[in-house]
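Dear colleague,

Please find below the structure that I am handing over to you. My findings follow it.

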Amino acid sequence: MTELQIPSAQQLIEWWLEPAYQSGRLELPGQSALAVGEKKILEDIALVADSGRLEIQPMPKVAMDAVRLLRVAEPSIDEVVRCIELDQALALLLLKHANSALYAPRYPIDNLRRAVVHVGIRQLKMIVHEVAMRRVTGDVKTKRWAEMEWRYAVHCAVIAKALARRLGMDEELGYLAGLLHDVGRLPVLVALDNRKALPDVPRIGSAPEVIMESLHRGVGAQVAKKWELPPAIADAVTTHLNGRCDDEDSSAQFPTTKVAEAAGDLCHALGFGRLKRPHAVLSSRSFRDLGLEPSLLEIFL
């Protein structure tokens with residue numbers, strides 16, 4: 001495999017290596033670098049979030065109904081199809097997935113029932129949650145930020161699914177943990193957009209990045225409750241730790257959370273979706289938590 005080029009400390013200082021973080025100050029990572037006005041925005045959004053008044057888009061009704069139908073052991077295909085037919089965006093996305101190279105249909109699929117049968121119930125759950133995530137940032141005017149978050153989520157989901165498969169875990173839960181673990185960033189992103197606090201071009205260490213990183217787990221807990229996410233996914237949303245120091249333990253209660261942490265670290269290191277934050281990913285703590293030592297990780301990559 002190609003050797004990762006790791007910048008020196010002089011070239012790049014990660015937020016978890018900042019003196020304010022290492023010395024145990026109460027400020028969360030990166031906050032010490034915020035200007036007065038930026039700290040005010042952080043405090044305002046935090047106040048609104050803590051009081052439960054931060055706007056969190058509900059999961060679309062059809063998507064929520066579909067998720068409930070799909071939770072039973074043997075869901076009725078006809079009921080699922082009738083439900084999805086009520087949401088054009090969900091129906092179109094399902095048809096797009098069913099006709100993609102990933103599912104390689106022998107003939108074009110042009111109706112929902114065939115699409116549901118061809119894609120399968122487990123994959124349908126993933127598609128429904130993708131639709132819900134897209135809707136959260138649908139009205140964000142600064143599209144580059146929303147697109148960056150979405151690309152990152154999809155990359156994490158695919159990597160987390162592959163990790164889960166390799167480790168003998170539930171692939172569906174791995175995928176959803178990777179997809180949704182940072183979902184709490186999205187309502188904060190919308191709040192920043194409403195305050196016209198998003199620069200046109202995202203960059204590492206910018207105030208919006210620090211604010212989202214500071215607030216997204218607490219906000220994510222509210223999203224998990226509102227969307228009725230299962231415990232294994234809610235844990236990934238609320239307790240994941242990316243970019244941990246070497247002696248910093250994960251707070252994960254479920255293995256799916258550790259899979260999401262590892263997928264997120266790899267995405268950051270390789271610049272998948274979000275801005276690249278190079279670090280020694282082959283010796284990352286999150287991969288060691290999964291039993292993937294550098295030699296096994298190289299095979300996985």
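The buried residues of helix 12 are covered by, among others, helix 9 (171-180), helix 11 (207-226) and helix 13 (255-270). Please note that this is a predicted model.

Helix 12 itself spans residues 231-239, and seven of its nine residues are buried, so that the helix is mostly covered. The buried positions are Ala-232, Ile-233, Ala-234, Asp-235, Ala-236, Val-237 and Thr-239.

I then turned to the loop that joins helix 12 to helix 13, where Ser-250 is placed. Two polar partners of the Ser-250 side chain may be of interest to you:

- The side chain of Glu-261 makes a polar contact with the side chain of Ser-250, at 3.0 Å.
- A polar atom of the Ser-250 side chain lies 3.0 Å from the backbone nitrogen of Ala-252.

Leaving aside residues up to four places away in sequence, Ser-250 touches Leu-241, Arg-244, Lys-258, Glu-261 and Asp-289.

As for the protein chain as a whole, it contains 15 helices and zero strands. Of its 301 residues, 51% are buried. Among contacts with a separation of 6 or more, 66% are between residues 24 or more positions apart. The accessible surface of the chain comes to about 14,800 Å², and carbon and sulfur atoms account for 55% of that surface.

With kind regards

Key: Residues numbered from 1 in each chain as written. Predicted model: local features only at pLDDT ≥ 70, side-chain atom pairs only at ≥ 80, totals over all residues. Heavy atoms only, no water. Buried < 20%, exposed > 50% of the residue type's maximum accessible area, 1.4 Å probe, protein only. Helix = DSSP H or I, 4+ residues; strand = E, 2+ residues; numbered from the N terminus. Contact = heavy atoms within 4.5 Å. Polar contact = N/O pair within 3.5 Å; in protein donor to acceptor, adjacent residues only side chain to side chain. Areas by Shrake-Rupley, 256 points an atom, 1.4 Å probe, with all protein chains shown as cover.
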